[in-house]
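Please examine the model shown below. A series of questions and answers on its architecture and side-chain contacts accompanies it.

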Amino acid sequence: MNLSLRPLTLALAGTLLVAPLAVSSVAQAAEPEDVRFSVPAWPGVTVKTALATTLLETLGYEVTQEELGSTITYEALTQEEIDAYLAAWLPAQQAMFDASLEKDAIVDLGNNVDGARLGFAVPTYVYEAGVTSAEDLADEEIADKLDRTIYSIEVGSGMSDTLNGAVENDTYGLGDWDLSETSTPGMLSAVDAAIDREEWIVFAGWTPHWMNIEYDVQYLTDTQDMWGPEGGRSDVRSLVSTAFNASNPNATRLLDQLSFTADDQSAMIRGFSYEEREPEEVALEWMRENPAKVKAFLEGVTTLDGEPAWPAVQQALEIPAA
């Protein structure tokens, strides 16, 4: 199984991070039985792409993966150097997404994660103490208990840009607040320490992620849609290049039918990122535990030899009956 990541360019590894680099032109034109994925170094898409790769290779396809940041990915799709991308977070990547659509370079296969969102998160004991909405952050007493500090991930990420804009615009009274921007591990280390001591903390959270399993946290209501429409609800779209969609209807059908809940994805992320297991191992375990979902992914799909996909996959991967 070819699951190696072969970087075209140096990709930034932070969640929702965008790499402002130009795409390399080393990729060759794909054969009809080839599928080339862009895989940003984010745990959710890593496991999800490993799952898709396992299915496609079982059906007879040759699959490769390129470790690319978001900006490079859209350029690579436009130049037909990449075929598929399972991590189009919207609205965080909206400008790049819209520009590619206007060029007729991509086909949007729809949302592959139900329940994804971004937002302010607090430990449940803080939520139960009355901090349930971002509006509450403007309260002086609450602000003081939270040290007027929001913990977040890397500078330059979409979340960082959103938070800096909120401070600049005094959204929710955050004009005099500090941002502690480190990294995802750095932020979660601060969350872990605060929860251990039952101290008050507010941070930039998202789901799917293992933080939602390991930590007892709640998301604050975002009445001003600071994190995006519908209080920070996000889509994670599956994209293929227009050329790939036209020449590979069978593989496109499979990718179109991939769909996970945020809890599904969080469990996968926990196995890969928190438990430090191999992504293909985590993906295979999930498929064996969810045979009905795998069967649905494969409805109407065939092997490259034209045989029904589900029986072939079930036998090869030792998946129980659905």
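Predicted model: local features only at pLDDT ≥ 70, side-chain atom pairs only at ≥ 80, totals over all residues.

Q: Which strands form the edges of the open sheet of five strands?
A: The order of this open sheet is E2-E1-E3-E11-E4, and its pairing is mixed. An edge strand pairs on one side only. The edges are therefore strand E2 (62-66) and strand E4 (106-111).

Q: Which residue in E11 is the bridge partner of Ala 84?
A: Strand E3 (residues 84-90) and strand E11 (residues 235-241) run antiparallel and are joined by five bridges. Ala 84 has its bridge partner in E11, namely Val 240.

Q: At about what angle does helix H3 run to E4?
A: Helix H3, residues 94-102, lies across E3, E4 and E11. Relative to E4, the helix runs at about 130°.

Q: How are the axes of H1 and H15 oriented to each other?
A: Two packed helices are described by the distance between their axes and the angle between them. For helix H1 (residues 43-58) and helix H15 (residues 309-317), the axes come within 9 Å and cross at roughly 110°. Angles of 65 to 115 degrees count as roughly perpendicular. The orientation of H1 and H15 is therefore roughly perpendicular.

Q: How many nonpolar, polar and charged residues make up the contact of H1 with H15?
A: Thr 54, Leu 55 and Thr 58 of H1 meet Ala 312, Val 313, Ala 316 and Leu 317 of H15. By class, the contact comprises five nonpolar, two polar and no charged residues.

Q: Where in the chain are Arg 148 and Asp 176, and how many residues apart are they?
A: The two side chains meet in a salt bridge, at 3.4 Å from N to O. Arg 148 is in the loop between helix H5 (140-145) and strand E7 (149-152). Asp 176 is in the loop between helix H6 (158-168) and strand E8 (178-181). The pair links distant parts of the chain, and its separation is 28 residues.

Q: Is Arg 148 buried or exposed?
A: Buried means under 20% relative accessible area. Asp 176, at 48%, is partly exposed. Arg 148 has a relative accessible area of 17%, so this residue is buried.

Q: Which residues are linked in a network of salt bridges?
A: Glu 275 and Arg 270 meet in a salt bridge at 2.4 Å, N to O. Arg 277 forms a salt bridge with Glu 285, with the closest N and O atoms 3.2 Å apart. The network links Glu 214, Arg 270, Glu 275, Arg 277, Glu 281 and Glu 285.

Q: How many residues of strand E9 are buried?
A: In a regular strand the side chains alternate between the two faces of the sheet. Val 202, Ala 204 and Trp 206 point one way from E9, while Phe 203, Gly 205 and Thr 207 point the other way, and all are buried. For strand E9 (residues 202-207), the count is six of six.

Q: In what sense do E7 and E9 pair?
A: Strand E6 (residues 117-123) runs antiparallel to E9, joined by five bridges, and Phe 120 stands opposite Ala 204. E7 and E9 are paired over two bridges, and Ile 150 has Val 202 in E9 as its bridge partner. The sense of the E7 and E9 pairing is parallel.

Definitions and conventions:
Residues numbered from 1 in each chain as written. Heavy atoms only, no water. Helix = DSSP H or I, 4+ residues; strand = E, 2+ residues; numbered from the N terminus. Contact = heavy atoms within 4.5 Å. Axes fitted to C-alpha atoms, helices over the stretch in contact; angles between N-to-C directions. Parallel < 35°, antiparallel > 145°, perpendicular 65-115°, else oblique. Nonpolar A, V, L, I, M, F, W, Y, C, P; charged D, E, K, R; others polar. Salt bridge = Lys/Arg side-chain N within 4 Å of Asp/Glu carboxyl O. Buried < 20%, exposed > 50% of the residue type's maximum accessible area, 1.4 Å probe, protein only.
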